[in-house]
Amino acid sequence: MRLANGIVIDHDATFGRLLFSALRREAYEQDMDGVSTGVLKHRTYDLKSQGQGCMVQVSIPAEVPLLEIPYNAEVVIINPVGRGIAEANFQGAEANWYFRADDIVIKTAAVTTGNSPSGTKSPDGKSSVQPSADGNLPKKDQPAEKQ
């Protein structure tokens, strides 16, 4: 089966609650000899997915500025698309999935700014989601603790 355009993802059903972890790597274009040209292709970020029960990696185009999202902030992936690569092994095959998206934004910023690219900060320049003193986000049913 060939999926040239990838698989369009239902964000909530696939990923559940997503927490930002860190920048994983930057990928650069290479010339015909395999030497880096120094031109950035994309950045890949690690996100903790409650729905998958593991870390997922999402690549964002180089045109999007470097994301400065607080660790463990709840995020939303804008226009995620999944693709897979299968590799044969002695037991049959193993499939590896990877995701690309237009942007990653803090969840409350995505709601209030209408999914604008790089909407990681509110208009006053402050982060939209504040983790508690122990570094965790408040649960949906609980109000945030006052500090």
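This text walks through the sheet of a predicted model and then its nonpolar core. Local features are described where pLDDT is at least 70, side-chain atom pairs count only at pLDDT 80 or more, and totals for chains, interfaces and linings use all residues. Residues are numbered from 1 along each chain as its sequence is written, and side-chain values use heavy atoms, with hydrogens and water left out.

Eight strands form an open sheet with mixed pairing, in the order β1-β6-β7-β4-β3-β2-β5-β8. Strands here are DSSP runs of E, at least two residues long, numbered from the N terminus; two of them pair if DSSP finds at least two bridges between them. The edges are β1 (7-8) and β8, each of which pairs on one side only.

Within the sheet, β4 pairs with β3 in the antiparallel sense over eight bridges. Arg 43 has Ile 60 of β4 as its bridge partner, and Ser 49 has Cys 54 of β4. Four residues lie between the strands of this hairpin, where Gly 53 takes a positive phi near 75°. β4 also pairs with β7 (residues 92-100), in the parallel sense and over two bridges. There, Val 58 is bridged to Phe 99 of β7.

The largest nonpolar core has 19 residues, and Leu 47, Val 58, Ile 69 and Ile 104 have the most contacts inside it. Such a core is a set of buried Ala, Val, Leu, Ile, Met, Phe, Trp, Tyr and Cys residues joined through side-chain atoms within 4.5 Å, where buried means under 20% relative accessible area (1.4 Å probe, protein chains only). At least two core residues come from each of β2 (18-30), β3 (36-49), β4 (54-61), β5 (74-78) and β8 (103-106). The largest share, three residues, is supplied by β4.

Note on methods. Buried < 20%, exposed > 50% of the residue type's maximum accessible area, 1.4 Å probe, protein only.
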